[in-house]
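Biologist: Please take me through this one. I want each label set against its cut-off.

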Amino acid sequence: MRAAVHDRYGPPEVLRVEEVDRPVPKSDELLVRVRAATVNRTDCGWRIPRPFFVRFFTGLRRPRQRILGSDFAGEVAEVGRAVTRFRVGDAVFGQTRGFGANAEYVVVRESGRVASKPDAVSFEEAASVCEGAFYALASLRKARVGEGQRVVVYGASGAIGTAGVQLAKHLGAHVTAVCNTENLDVVRSLGPDRVLDYTQEDFTALGERFDVVFDAVGKHSFRRSRRALTADGVYVTTDLGYLWHVPPLAIATRLARRRRAIMPTVGGVSDRDIDLLRELIEAGKYRPVVDRTYPLEHVAEATRYVETGQKTGNVVLTV
Ligand SMILES: NC(=O)c1ccc[n+]([C@@H]2O[C@H](COP(=O)([O-])OP(=O)(O)OC[C@H]3O[C@@H](n4cnc5c(N)ncnc54)[C@H](OP(=O)(O)O)[C@@H]3O)[C@@H](O)[C@H]2O)c1
């Protein structure tokens with residue numbers, strides 16, 4: 001099968017498409033013929049692991065994972081003996097545990113992050129659901145976002161931000177979404193109560209207080225957000241770049257019991273939350289945002305675009 005592979009760390013040019021062996025599903029796995037997969041910020045982080053200690057996970061000298069890509073949508077091509085929920089030919093979408101989706105075929109456990117693709121969305125859209133939505137859901141749950149809470153989603157135009165706006169609305173919050181001028185219409189279409197253009201307005205200068213500031217793009221620090229938080233308000237960020245200062249802040253602010261910072265998180269969600277996302281899509285309450293699509297062969301170009309940090313929602317490879 002064709003796959004986007006890389007054998008050394010480096011810029012997007014280290015990625016190339018070549019023939020590799022097709023994976024073989026174990027008894028509890030599905031083999032999915034991939035129709036669309038994303039290139040996301042996690043893929044970029046694994047291709048250039050920083051800081052250096054990250055290589056203990058990704059491979060010390062060279063990448064342990066030759067094929068990147070975790071979000072996928074496609075059709076079931078083969079099922080293992082013990083699989084009961086899916087049949088050959090079913091349209092599915094999901095996220096692999098360990099990459100491998102930027103390829104013609106990928107395997108995924110039946111009990112993992114995989115669900116039937118809603119008819120209402122294309123393969124490209126279905127491939128754009130999981131990464132953003134799971135990070136957003138984990139953050140919003142950790143911040144205990146609920147009915148009537150006033151929430152700011154900063155960086156509302158990214159993969160996590162576009163998901164965060166819609167999921168915060170689903171949780172019953174009053175949502176103020178913050179993005180730049182070009183993305184105002186897209187973000188408005190996701191249903192927040194208010195959209196602010198960060199080039200024109202500073203949400204911390206409105207004189208309002210928010211229960212949660214969700215920095216979905218890692219560009220608005222706790223220090224800058226603090227004055228916009230209620231006395232027991234919570235700041236949560238997705239950016240592991242803040243790993244060095246958020247944990248001490250989390251401890252200090254927890255002790256102070258006022259205006260807490262909480263750590264970037266991947267917990268608080270289960271694989272079965274993919275069923276919640278499928279139901280929201282089917283009910284017209286969640287719409288994955290696709291920015292650009294590229295053929296698999298143009299994986300390096302797609303990756304260069306993702307690395308500008310300017311994408312709106314998701315970048316998709318069609319396979
Ligand atoms: N916790 C994890 O393991 C994990 C996993 C994946 C991603 N992340 C991190 O989470 C963050 C978001 O990921 P993502 O995939 O959602 O990002 P993304 O899609 O690449 O976000 C890009 C969007 O953010 C907007 N943006 C950039 N700078 C901004 C600023 N200063 N203020 C407001 N908006 C800004 C961009 O629009 P404009 O610049 O045009 O405004 C663009 O629409 C990244 O920092 C990423 O590294 C963490």
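**Labels and cut-offs**

Biologist: What makes the radius of gyration agree with a compact globule?

Modeller: The radius is taken over C-alpha atoms, and the rule is 2.2 Å times the number of residues to the power 0.38. For 319 residues that rule gives a value near 20 Å, and the protein has 20 Å, so the two agree. The C-alpha atoms fill a box of roughly 60 × 45 × 35 Å along the principal axes. This is a predicted model: local features need pLDDT of at least 70, side-chain atom pairs count only at pLDDT 80 or more, and totals for chains, interfaces and linings use all residues. Residues are numbered from 1 along each chain as its sequence is written.

Biologist: Which domains is the protein divided into?

Modeller: Domain 1 (2-129 + 288-318) and domain 2 (132-262). Those bounds come from an automatic or database domain assignment. Their C-alpha centres lie 28 Å apart.

Biologist: How many residues of each domain are in contact?

Modeller: Six of domain 1 with seven of domain 2. Contact needs C-beta atoms, placed from the backbone, within 7 Å. On the domain 1 side, two are nonpolar, four are polar and none is charged. Nonpolar covers Ala, Val, Leu, Ile, Met, Phe, Trp, Tyr, Cys and Pro; charged covers Asp, Glu, Lys and Arg; the others, Gly among them, are polar.

Biologist: Why does the length of α4 agree with its residue count?

Modeller: The expected span is 1.5 Å times one less than the number of residues. For the 13 residues of α4 that gives 18 Å, and the end C-alpha atoms are 18 Å apart, so the span agrees.

Biologist: What makes α4 mostly covered?

Modeller: Buried means 20 or more other C-beta atoms within 10 Å of a residue's own (exposed: 12 or fewer; partly exposed: in between), with C-beta atoms placed from the backbone. Twelve of the 13 residues of α4 are buried, including F134, Y135 and K142. Across the protein, 48% of the 319 residues count as buried.

How values were computed
Two residues are in contact if their C-beta atoms, placed from the backbone, lie within 7 Å. Helices (H or I, at least four residues) and strands (E, at least two) are DSSP runs, numbered from the N terminus.
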